[in-house]
Amino acid sequence: PPPPPSLVMHKISDPAVAHSALVENADAFSNRPPARLHVALAARRRGQRNENLNTLAHGPHWRALRCNLTAETLHPSRLACLAPLQREAVQGLIAALSSAPRGSQEEVTELHQHLYGAMFSVVARLCFGDVVDEDHVRAMRQVIQRFQLAIGLVKPFSATGSVMEKLEEWRWLRRLFAIDVRLKELFLPPIEAWRRAVRSPRPRDDNGRRPYVESLIDLRVPNEDGGRRALRDEEMVRLISEFLGAGTGTVVASLEWALAHLVDKPEVQEKLRGEVDDGVVSRAGAGMPYLHAVVLETLRMHPPLPVIPRHVHADAVGVLVGGMAVPPPAGDFYVNFSAGDIGRDNKIWKDPDQFLPERFLAGGDGEGIGPVPGPKQIRMMPFGAGHRFCPGVGMAMVNMKCFLAALVREFEWAPPTGTNTLDLTELDSFFKVMKKPLTARVTRRTKSI
Ligand code: HEM
């Protein structure tokens, strides 16, 4: 058998090499390194792996899951159903952020938690419909946040770990196993409730929404013997955890960064307010071009997933020539394509460390650039590129814009009392979040949304 892949993680920051690999040679660059948690869990369960979309190997099983998610839940026609959920969540968020009368100032701490709670309620209802009550949703949110925190503590691959490192890894896995038990406790009852409902005449909700869980119950994936099979309970728990976690954590991290830059640059905030006071939020740039530009600029500077990992087969190594700092090993190996470095590459971007949304407007160095790279070049890739690019890009953009527009329309944002500058240092965790979570002074405007 071929030797196992080298465990060293190589890094690629050259946009031309990333384009050549992820876009021009997408078939050869569509596998990820194995997820350590799934491997460890499988070892406990006599080898049965329950993967999610992100960790599955590129192939028919992955394709079935990805088509299902894209067509049934994230398709633009389905996203129109989000509006009432977003409206409710935004109203709850505004009430939670401020109880002061209009026109008076208030200090908002724990902004991240408020944003997370509101965004999670949208994503959870898209996933389960309205069958889970508020307490259940809160419990789900807490366990998903614990899961993301724990995953963020994983250390890089180490082939020759010391005893201390092995002990640390064992503790980390033990913590994740406990979270895994809790995920099942919380997710299996609503999955079962939907299964029962699906067997009886279909419960359609009035808004035409089809919860993700329902599509997973109906789905048949390719079987090992060439047939088709339903998903196992544990696979569904994995996929739902992924949906809730990816759909919330990334968007909330980006929203917090966007608000931090608006606090830091009052002139950008004012310009944005001028636009959102009158416009209507849309998925693409039309309607509110400056809002679109603010979101893109945030994602360029702070892609919440700054590295995009791939498993590279030995025969595809030629594609990476010139992009690797050290010579590649002889067999298969792993690579991180750096969305973080590419977004701040000074050969592509003028003043890359400056927050300048105008660059995405006519005449700017980002004019015409969208959230996902086109076929010709990569200039930023916060949602990845190639076959595995993020299927949630549409939902992410519309949720970010809707929340940001409402928060800027309803409040004026300023640095916390006693400070004039914000600490914009990044923390390396599962998602790239602010090292010092954003606290701000908000003034509820006299004009209401
Ligand atoms: C600001 C928001 C978001 C960002 C920046 C983001 C970023 C990413 C990135 C960089 C990848 C890896 C892409 C690659 O390997 O080429 C990814 C994959 C993925 N994302 Fe997102 N994401 C966001 C929101 C969402 C949302 C809202 C969902 C769905 C609810 C979602 C679901 C997924 C899934 C399922 C994958 C795995 C896709 C696959 O392997 O085929 N993401 N995302």
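Reply: In this predicted model, helix 1 (residues 15-24) has seven of its ten residues buried, so it is largely enclosed by the rest of the structure.

Me: Which residues of helix 1 are buried?

Reply: As a general idea, an α-helix has 3.6 residues a turn, so residues three or four places apart point the same way. In helix 1 the buried residues are Pro15, Val17, Ala18, His19, Ser20, Ala21 and Leu22, where buried means under 20% relative accessible area.

Me: What lies within 2.8 Å of the backbone nitrogen of Ala16 at the start of helix 1?

Reply: A side-chain oxygen of Asp14 comes to within 2.8 Å of that nitrogen.

Me: Turning to the ligand, how many residues surround it, and which are the closest?

Reply: One begins with the shell of residues and then looks at individual contacts. Here the ligand is surrounded by 29 residues, with Arg32, Trp62, Arg66, Arg310 and Cys390 the closest; by class, the shell comprises 18 nonpolar, six polar and five charged residues.

Me: Which element gives the most to the shell around the ligand?

Reply: Helix 10 does, with seven residues, while helix 3 (60-73), strand 5 (307-312) and helix 14 (393-410), like helix 10 (233-264), each supply at least two.

Terms used:
Residues numbered from 1 in each chain as written. Predicted model: local features only at pLDDT ≥ 70, side-chain atom pairs only at ≥ 80, totals over all residues. Heavy atoms only, no water. Near = heavy atom within 4 Å. Helix = DSSP H or I, 4+ residues; strand = E, 2+ residues; numbered from the N terminus. Nonpolar A, V, L, I, M, F, W, Y, C, P; charged D, E, K, R; others polar. Buried < 20%, exposed > 50% of the residue type's maximum accessible area, 1.4 Å probe, protein only. Polar contact = N/O pair within 3.5 Å; in protein donor to acceptor, adjacent residues only side chain to side chain.
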